[in-house]
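My entries follow in the order I made them.

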Amino acid sequence: MPAMTTAERRGYQQICGDDGAMMVIACDQRGGMRTLLAKTPEDQAKIGNDVLGLTKMDITAHLARHAGCVLVDPLCAVPGLVDQGVLHRSTGLLIGLDASGFDLTPEGYRISNMVPGITARRVRELGGTGAKIMIYLRSDTPAANTANMATLRDVIADFAAEDLLLVVEFLTYALPGEAPEAYAAKIPSLIEGGSKLCLDAGSKVLKIPYPGTPQACANITAMCGDVPWAVLSAGVDHATFLGQVETSMANGASGVIAGRSLWKDCISLDRAVTKERLETIAVPRLREIQAVIARHFRV
């Protein structure tokens, strides 16, 4: 596995906290954020990228400044976060490359799509510290991964040529007709397998779902070697995520990239309400996560 270059390592340092662990606030969601801001599909459709951009700016200003970095999409909040002085000078900026949703093949395989025109050079032009790509993987079904792995390899090559940090995320999913219990039992092996696919493609930093067990976390740490991995929240409730962070960090994770578990109960179309909830609900949640990280992480 290739080591980070000096430039990539500097970018990595900037998405970490003072303790050297990743602590990134994710708010690159679009569809998911609309469902939290409005109840009906009709009202959700009325929420434009401008409104989402303001919400992401509020999350950045009132929550992410207490973390190492913020992750946003390239459609709503940049370059405004930088040009309007919202992004604190000590807060790193990751830009998500993936578009909302996915395409489906006739077999039910998910095909990840990227936002058009967002290359490594464009991320740099937007002021990004680096970027994040998300792809869907079913590591037990090679045919499901062909297109997404080709996309991943192309993006990794683009960022390597620009010498810019790239965080690689994957999500797994149930196949059509797969029983929920059968799928749930496979999750640890699917996450281990997906991590291996990403590592084999040249990933240098991973953002992955909670692997499911302490042993699966330890297995991924051993597999990664010097490649750091962060656990994502997937929108679970805060108490559940705290337990997942505890297990992940105790078994070798290098930090957290979390979004909805921190702020899903806080955002509102009333920005005054958003600000108050972020400061009184989300920031204390963040401090609890940081305390777990501090108990386990050593540079």
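Below are my notes, starting with the ground rules.

**Ground rules.** I am working from a predicted model, where local features need pLDDT of at least 70, side-chain atom pairs count only at pLDDT 80 or more, and totals for chains, interfaces and linings use all residues. Residues are numbered from 1 along each chain as its sequence is written, and side-chain values use heavy atoms, with hydrogens and water left out. I take helices (H or I, at least four residues) and strands (E, at least two) as DSSP runs, numbered from the N terminus.

**Sheet.** I traced the strand order first. Eight strands form a closed barrel, β1-β2-β3-β6-β7-β8-β9-β10, with parallel pairing. On average, neighbouring strands are turned by 25° against each other, direction ignored. I count two strands as paired if DSSP finds at least two bridges between them. I then looked at β1 (residues 22–26) and β10 (residues 255–258): they run parallel and are joined by four bridges. V24 has I257 in β10 as its bridge partner.

**Around β9.** Next I checked whether the faces of β9 are covered or open. Both are covered: W229 and V231 are buried on one side, A230 and L232 on the other. Buried here means under 20% relative accessible area, exposed over 50%, and partly exposed in between (1.4 Å probe, protein chains only). β8 pairs with β9 in the parallel sense over three bridges. I208 has V231 in β9 as its bridge partner. From β8 the chain crosses through α9 to β9, and this β-α-β crossover is right-handed. By that I mean that, with the strands pointing away from the viewer, the path from the first strand over the helix to the second runs clockwise. β9 also pairs with β10, again parallel, over two bridges. L232 stands opposite I257 in β10. β9, α10 and β10 make another right-handed β-α-β unit.

**Helices over the strands.** I looked up two angles, taken from 0 to 180 degrees between N-to-C directions, with axes fitted to C-alpha atoms, for helices over the stretch in contact. Helix α9 (residues 214–224) lies across β8 (206–208) and β9 (229–232), at about 145° to β9. Helix α10 (residues 238–250) lies across β9 and β10, at about 165° to β9.

**Helix α7.** Its buried residues are N148, M149, L152, V155, I156, F159 and E162. Seen down the axis of α7, they fall within an arc of 150°, so they line one face. The arc is that of the directions from the helix axis to the C-beta atoms. The opposite face of α7 carries the exposed residues T146, D154 and A161. Cover for the buried residues of α7 includes β5 (110–111), α6 (120–125), β6 (130–136), β7 (165–171) and α8 (180–200). D163 follows α7, with a positive phi near 55°.

**Helix α1.** In α1 (residues 6–14) I found E8, G11 and Y12 buried. Down the axis of α1 these lie within an arc of 100°, so they line one face of the helix. Their cover includes β1 and β7.

**G92.** Where does G92 sit? G92 is in strand β3 (residues 92–96). G92 counts as buried because its relative accessibility is 4%. Beyond its neighbours within four places in sequence, G92 is in contact (heavy atoms within 4.5 Å) with Q14, G68, C69, V70, L87 and T129. I also checked L71, 21 residues away along the chain: its C-alpha atom is 8.5 Å from that of G92.
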